[in-house]
Amino acid sequence: MSLHLLLEYLTSKDFLRGAALTLLLTVVSLGFGMLIGLVLALLQGTRSRVAKTFTFFYLWLFRGTPVLFQIIFIYNVLPSFGIRFSAFVCAVLALSLNEGAFMSEIFRSGLHAVKQGQRTAGFALGMTRAKVFRHIVVPQALRVVLPPIGNQMIGMLKLSALVSVIAVQELLLVADQAASANFRYLEALSAAGIYYLALTTLFMVLQGWMERSLDSKRKSSTRRMSFAERLLGTSQPLVR
Amino acid sequence: MSTGASPPLLKIHRIDKSYGSTRILKSCSLEVAPRETIVIVGPSGSGKSTLLRCINLLETVDAGNILFDGRDLTRERKAEHLVRQQIGMVFQNFELFSHLSAVENIMLAPMTVSGVSRHDAHDLAMVLLSKVRLRERADAYPDELSGGQQQRVAIARALAMKPKVMLYDEPTSALDPEMVSEVLDVMAELSAEGMTSLVVTHEMGFARRAADKIVFMDAGEVILTETSEQFFSGTTHERARRFLDQILH
């Protein structure tokens, strides 16, 4: 293995651009996915039969088919209906729609974890539904959904490699193309792997930081954590 | 303690409430004068808690009127949050907001509902915490407080909205016996200071000490309304006396 070539790949514009595109795909799809998930979770909480049927159908469809299928379907079938998007938009669309289905289940469990009595106590103080949601439900639900959302973040990063099939120049496709020019697969894939691991580490640190900032005011439960603990995300406060 | 002569602050007139085919409240009537403390007793399932929840519109009544401070609350469905700002409620399970410290629990409603500044809300909360003798536990979170302490914070939280009446829904039923009195003491003090209170409880000691009137409910009906003296000096009502004998062993 040539360290020189590895270093060259790591610092090359193509790889950097590929990694940036992977990060962008992940963050944007995750953002839209969370938005879709939140709407679906709230729809499931309503009494409307139409809303419930719709969310059931949505979850059934997007959890029941492979993401790869969804990506290829959107990219190849939509144009035949006259709907034309760039490959990047198709990638974001497919990843977001898929992510929304999983996010909605996470948000639903988060909303469910806030006991009805907590809402009632808010109402009894004269708070409106919106204020109860904003000041009581969201902060409590956030604590529940943050760890699984961290999982989804990392999952999405890796899922984004699938969009190489529709020629979006993300990290894996860049590595594959670089290697196919000179057959130096070890170096090219190692470079891509290092970028993936770096991004994953970034997400883990971010998640740990968010979880701790939610708990930051709780002096009694804050304890010093080792770097390994932070990386592994075992930052749950000890049961008192 | 009230003189009993002033016009009622709260007047419940023949309210009905059903869940499906089960009638929970049957034509219940009740009058509460300003500064008066009324204790509602009765076997479980007699509709006591539902009656309280109807008053601050957590439940809708099927028929009847609730007159509070000159307004008919049964017509205030659109502005129910405004009504509730004037009615404090304390729950059996405390229901302190688990993500907020004791002082933040008390500050939340004044800040978000009344628009009080963080600074003023904090001052108010500390005064109220002193009142319930928990000033030194201001920064503790609910799961770091004992049940009795949590309930006292919950009382302070309700008082922060400066309610005209306090509703207590079995405030000591979920407490260990040794913590009951610290909560009842706070409630009795508030009553003595003239806070209009409606208390659903099985604590007859409290009723004897703090209540002006006792209301006995059974199977969704208000069976009896008597002054505390009448009730404890041997009520003549057969069913009420049997109930009293049962819970006093």
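Reply: Within strand β5 of chain B, B:D72 is the bridge partner of B:L67. The model is predicted, so local features need pLDDT of at least 70 and side-chain atom pairs count only at pLDDT 80 or more, whereas totals for chains, interfaces and linings use all residues. Residues are numbered from 1 along each chain as its sequence is written, while chains are lettered from A and ligands numbered from 1 in the order in which they are written.

A strand here is a DSSP run of E with at least two residues, a helix is a run of H or I with at least four, and both are numbered from the N terminus. Two strands pair if DSSP finds at least two bridges between them. By that criterion, β5(B), residues 71–72, pairs with β4(B) in the antiparallel sense over two bridges. These strands form a hairpin with two residues between them, in which B:D69 takes a positive phi near 55 degrees.

Strand β4(B), residues 63–68, also runs antiparallel to β1(B), residues 10–19, and five bridges join the two. In that pairing, B:F68 of β4(B) is the bridge partner of B:L10.

Of the 249 residues in chain B, 48% are buried; a residue is buried if 20 or more other C-beta atoms lie within 10 Å of its own, exposed if 12 or fewer, and partly exposed in between, with C-beta atoms placed from the backbone. Residues are in contact if such C-beta atoms lie within 7 Å. Among contacts in chain B between residues at least 6 apart in sequence, 66% join residues at least 24 apart.

Chain B also touches chain A, in a contact that takes 20 residues from chain B and 17 from chain A. On the side of chain A, helices α6 (116–124) and α7 (129–159) each supply at least two residues, and α6(A) gives the largest share, six residues.

Conventions. Contact = placed C-beta atoms within 7 Å.
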